Amino acid sequence: QLAEHVEEVRVGAAGYHALSVLERRTDLYLYLYGFTKKWDSCASDALLAASGGRLTDVFGRPIHYSPESLPNKEGLLAAPTIALHEKAVSAIAPVLVALTADAKEEAPVP
C-alpha cells in the first residue's frame, strides 16, 4: 500500500501539481497521459531535483530535454524525496505493465 489516504485533485497544470509536491501539500504527482510538453516539466524537474525530490516519466525514467521530442509521451511522476519516488515507481509498475499489455491486445489489426 502506497498511502492510507488518497485524494484526487483535478487541476490542468503540471507546474501547479509539481509545486504542490515541492511544497509538500501533496505526496505525489502522477500524470498518466502524454499531453504535457517539456516546457511544462523542465522548471519543476529542476526545482524538485534541487530540493531532493525527483520528477520522471511514469516508469521512473529521466526526462530528456531535447528539441527532437517535445511531448512527455510517457506521463509524469513527481515526489518530494527520492525514496518516495522509488516506492511509487515500484508500486505502480505492475499496473502500468498490465495497462500496456491490455492496450496492445485491444489495438485494431490494420
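Visitor: Across which strands does helix α1 lie?

Guide: This is a predicted model, in which local features need pLDDT of at least 70, side-chain atom pairs count only at pLDDT 80 or more, and totals for chains, interfaces and linings use all residues. Residues are numbered from 1 along each chain as its sequence is written, and side-chain values use heavy atoms, without hydrogens and water. Helices (H or I, at least four residues) and strands (E, at least two) are DSSP runs, numbered from the N terminus. Helix α1, residues 14-22, lies across β1 and β3 and runs at about 150 degrees to β1. Angles (0 to 180 degrees) are taken between N-to-C directions of lines fitted to C-alpha atoms, for helices over the stretch in contact. Helix α2 (residues 38-50) packs on the sheet and touches β2 and β3, its direction making about 145 degrees with that of β2. Contact means heavy atoms within 4.5 Å.

Visitor: In what order do the three strands form the sheet?

Guide: Strands of a sheet pair through backbone hydrogen bonds, either parallel or antiparallel. Here the open sheet has the order β1-β3-β2, with antiparallel pairing; two strands pair if DSSP finds at least two bridges between them. The edge strands β1 (29-31) and β2 (54-56) each have a single partner, so one side of each lacks a neighbour in the sheet. From one strand to the next, the twist averages 5 degrees.

Visitor: How many bridges join β2 to β3?

Guide: Three bridges join β2 to β3 (residues 76-79), and the two run antiparallel. T56 stands opposite L77 in β3.
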